[in-house]
Amino acid sequence: MKTWIAFWNILKKDVRNYYLKPPNISWGIIFPLSWTLMQMLRSYGGVNLAEIRNLLPGLISMSVLFGTTSMLAVTITFERRGRSFERLLLAPISLSAMVAAKLSGAILFGIFNAFVPVIFAAFFVDLAGINWGAVLLAVFLIAVTSTLLGLMIAVSAKEVFEAQTFSNFFRFPMLFLCGLFIPISSLPVFLRPLSFLLPLTYGTDLLNRWILGASMMSPALSIVILLGFAAALFALCQYNIQRKWIL
Amino acid sequence: MNTQEIVTVTNLTKRYGDFTAVDNISFSIRRGEIVGLLGPNGAGKTTTINMMIGLARPSAGSIFINGLDVVKNPKKAQAVIGIVPDESNLYGEMDGFDNLCFCGALYGMTKAAREKRARELLDQFDLTKAGKRPFRAYSKGMRRKLTIAAGIIHEPEILFLDEPTTGIDVESARQIRRLLLDLKGRGTTIFITTHYIEEAERVCDRIAFIVDGRIVARGTVSELMESITHGHTLRLAVDTDLTPFVEKLQARFGDCGVELQSSNAITLTCKERIPLSPILQYLDGMGVSVFEVRELRPTLEDVFVKITGIEAARLRKEKEKGGLGR
Ligand SMILES: Nc1ncnc2c1ncn2[C@@H]1O[C@H](COP(=O)(O)OP(=O)(O)O)[C@@H](O)[C@H]1O
Ligand SMILES: [Mg+2]
């Protein structure tokens, strides 16, 4: 019960203090929208609204990736600089509960971001026949793994600008390596193994399956792999926090 | 082990690379007392506190709080302690009230309980109006007070304060010292670090001097003072030139050392406490009137200087540095 009160209030504070701030909300809306338009122009040499459905999995993945990684890295680095993060480290709740609360805010923000392109697309094409429950599951798994990557970055960064730089260093390559807009089969052969080391590849594949009806792997396998990534990253983050933040 | 001991620190050491910040220190804190760690900047006070609260890992040694091993089980120990860090670390974008409520929530307090406590604390610290303003708009003294309020919102059994009055205005500092004594009166055990000698003297039951990571002396204020003086000294001011009486006085009060300070003032130094009336009667009988009798006591500052070899002036300079800095 006590842990739950602490968990809920950490989450609520983060949402209020960081995620509901106008700049972040507008970033969360404008960035996916401009990518959507850009991709449409690039792919079809003109705005062909009917094709938007084909772009949707990549756009959703990208929105989640960008919504989660830098937000968490930046907010945690910010709190560490202001030393308010020490309060969380000193709270009598387990480190994993505290970390889970910090992650939850970013995960929710990522999920919110995911539905920006969906809502945009819904104005122009018929999205009937999509299993939204399955899509939500895929979005959730992408959000969890991307948020954990953001946390990994936060653990290594000392300054806010470092956190931003690190997260861009990771996520821009991921846009191209994880099959968001370029199918993995058309990547140079030597890059492909790299794709399969990144959780976003499996998340995007799930979205392809559930929105477009085609995927490289069976959804069950992708889900298992994503859960494995999440567990491993969570453990690694906790280990790193123990090692680096409790001096 | 003394059952009254609520905190026991044994052979605690912290090394950063080859540098030893805290060097094999041991001490204990009894339930309900205020213990102070007094030392200049860089002595290892913050490092010691950080290890005790579970924010830093000792290189060696053990810490027990309420029978709980802090090194092995920091989360259990953290439930019963309150922490006031040297730097205010609340959330700048949140107002005072929300900051307090959030801190209460971290300790699992229900909404009703934490809001009630937050209001009480704001009132107690004269911050009720400021409670609606964002923390970043607070003055230094207000920040420190709110940080202390945040440290005690869950009514901890033991409170750790790292230099709580450094660099703030006199009135806030006085308010904080009053609060510490008040908390002690209600049974809270307090561990405080400071480089203000007078502060340690005023609020602490027991004091340890720390220099270069080592505890060089410890005890109650009077024990520390006795450690550098030998016995008690009385100074008597009279109306007559006492020069002719010194030998007679020495003969009459053989246990004491009698010294002429000026022509009409003498000191008597004894191992034991000195009863006044025989002296007064004797002098009266000689036709000497005594105007003033005073016990000469060394200040804690004298003790500190004598034991540590650190000039009080240097410590005072540290003080100013502290005041201007963070
Ligand atoms: N993380 C750290 N790495 C290296 N040295 C440190 C670290 N923290 C503190 N120190 C050193 O340990 C010594 C004691 O520091 P500190 O405990 O902060 O002193 P105080 O609080 O008494 O002023 C100082 O010389 C300081 O430079
Ligand atoms: Mg310090």
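Predicted model: local features only at pLDDT ≥ 70, side-chain atom pairs only at ≥ 80, totals over all residues.

Reader: Which elements of chain B have the lowest and the highest mean pLDDT?

Author: The lowest belongs to helix α12 (residues 312-324) of chain B, at 54. Helix α3 (residues 96-106) of chain B has the highest, 97. Watch residues 321-326 of chain B too: pLDDT stays under 50 there, and the model has eleven contacts beyond four places in sequence for them.

Reader: Why does A:Thr75 count as buried?

Author: The cut-off for buried is under 20% relative accessible area. A:Thr75 has 6% relative accessibility, so it counts as buried. A:Thr75 is found in helix α3 of chain A, and, leaving aside neighbours within four places in sequence, it's in contact with A:Tyr18 and A:Tyr19.

Reader: What describes two packed helices?

Author: The angle between their axes and the distance between the axes. Take helix α3 (residues 52-81) and helix α9 (residues 199-212) of chain A: their axes come within 9 Å and cross at roughly 145 degrees. The crossing is right-handed.

Reader: Which residues make that contact?

Author: From α3(A), they include A:Leu56, A:Ile60 and A:Leu65. From α9(A), A:Leu200, A:Leu207 and A:Ile211 are among them.

Reader: And how many nonpolar, polar and charged residues does the contact of α3(A) with α9(A) have?

Author: Eight nonpolar, four polar and one charged.

Terms used:
Residues numbered from 1 in each chain as written. Chains lettered and ligands numbered in written order. Heavy atoms only, no water. Axes fitted to C-alpha atoms, helices over the stretch in contact; angles between N-to-C directions. Helix = DSSP H or I, 4+ residues; strand = E, 2+ residues; numbered from the N terminus. Left-handed = near helix turned anticlockwise from the far one by under 90°. Contact = heavy atoms within 4.5 Å. Nonpolar A, V, L, I, M, F, W, Y, C, P; charged D, E, K, R; others polar. Buried < 20%, exposed > 50% of the residue type's maximum accessible area, 1.4 Å probe, protein only. pLDDT = per-residue confidence, 0-100.
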